[in-house]
Amino acid sequence: MLNQFIRVPWAIYADDPNWVPPLILERRSHLSPKSNPYFNHSDVRMWLALRAEQPVGRITAQIDRASPDCGRDSIGQFGFLEAEDDAETFASLFSEAEAWLRSEGMTQVRGPFSFSINDESGLLVDGFDKPPMILMGHARPYYADRIVDQEYTAAKDLIAYYFPVGNDPLPWSARALVGRLSDEPNICLRPLNKSRYRHDLGIILDIFNDAWSDNWGFVPFVAAEAEKVANDLKPLIEENLVCIAEVSGDPVAFGVCITNINEAITDLNGALFPFGWAKLIYRLKAKKIRTARLPLLGLRKEFQGQALGAALVFAIIDRIFQASVRRGFTSGELSWILADNVSMNRVVKACGGIPYKTYRIYEKKLA
């Protein structure tokens, strides 16, 4: 069943040139309790919709015991939604997922999350004409209507920004602010040190859990999950594309940019063997990939709302941007940002970001 579950999107997106087939090996790992630490604190169920014994849809329901929303508000989640354009198929999938969540005491459901807000989040509702970046989802335009048919309403929108690489990303006011940092002897911006990978990972994890703790839907990254993600992404992380900011020796902010592996696997059809692995290694080693994604940017809460904090964020964006130019990237994505995070959206737009994709998280009361 797991293989069928993983393979559902192949039929759904057979004629969609912007869909990127995921690596089957990676999907198996992500969906396995043996290899994904998410299962250590969560309960998961999966359903497959069949017509004439052929898979035509899928969905998961999950209860994340580490999520504050679960304990405080009894909110469960759905995810991994893929289905043919058929009202009955969608209704059957959601009916099964919701019934199980009710039986487990959940009073609300949100999604899609595959599995967590720290994984792929939201349903693509705008920007179908471009392929997704690494760890971002794709969808058919009819999905949104079918979800609304099941009495779901929009909870939050997530914005993905496109960045052309080449021009100075900072407006003159931000450039002046960043320039003043160079005169501050207690300010240090440094790249990731791969020889101390786990140490720097711990720094990033600590800042992330502090910086994002007040955000809507926040779920803390537990150490085991963060380590798995870091190990999985290690081949895609280059030292100069990660920046850690220190004030008087204390790490207070960071940014992480990763090579967009989706660009390298589009033609592999999900298979690494017999020849896909060699193609992927060559493309990574030869630095043939020309796009990247900045998925993480964090500033400790004590510096948020301060001029110094703003300067550090601008400086990190600038540092990563300049490293991207030297690396040969031609464009990138900064994602995602909550649509109602006014200050952060203002910063990204000031740096030349162009909103080009919108992902939506839906919610529903479970009677």
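Trainee: What makes up the lining of the second largest pocket, by class?
Mentor: Its lining has 17 nonpolar, nine polar and three charged residues. Nonpolar means Ala, Val, Leu, Ile, Met, Phe, Trp, Tyr, Cys or Pro; charged means Asp, Glu, Lys or Arg; the others, Gly among them, are polar. This is a predicted model: local features need pLDDT of at least 70, side-chain atom pairs count only at 80 or more, and totals for chains, interfaces and linings use all residues. Numbering starts from 1 along each chain as its sequence is written, and side-chain values use heavy atoms, without hydrogens and water.

Trainee: Which elements supply at least two residues each of that pocket's lining?
Mentor: Strand S12 (291–299), helix H11 (307–327), strand S13 (331–338) and helix H12 (342–350). S12 gives the most, with six residues.

Trainee: Which residues make the contact of H7 and H8?
Mentor: H7 brings Tyr-197, Arg-198, Leu-201 and Leu-205. H8 brings Ala-223, Ala-226, Glu-227, Ala-230 and Asn-231. Contact means heavy atoms within 4.5 Å.

Trainee: How many residues of each class are in the contact of H7 with H8?
Mentor: Six are nonpolar, one is polar and two are charged.

Note on methods
Helix = DSSP H or I, 4+ residues; strand = E, 2+ residues; numbered from the N terminus.
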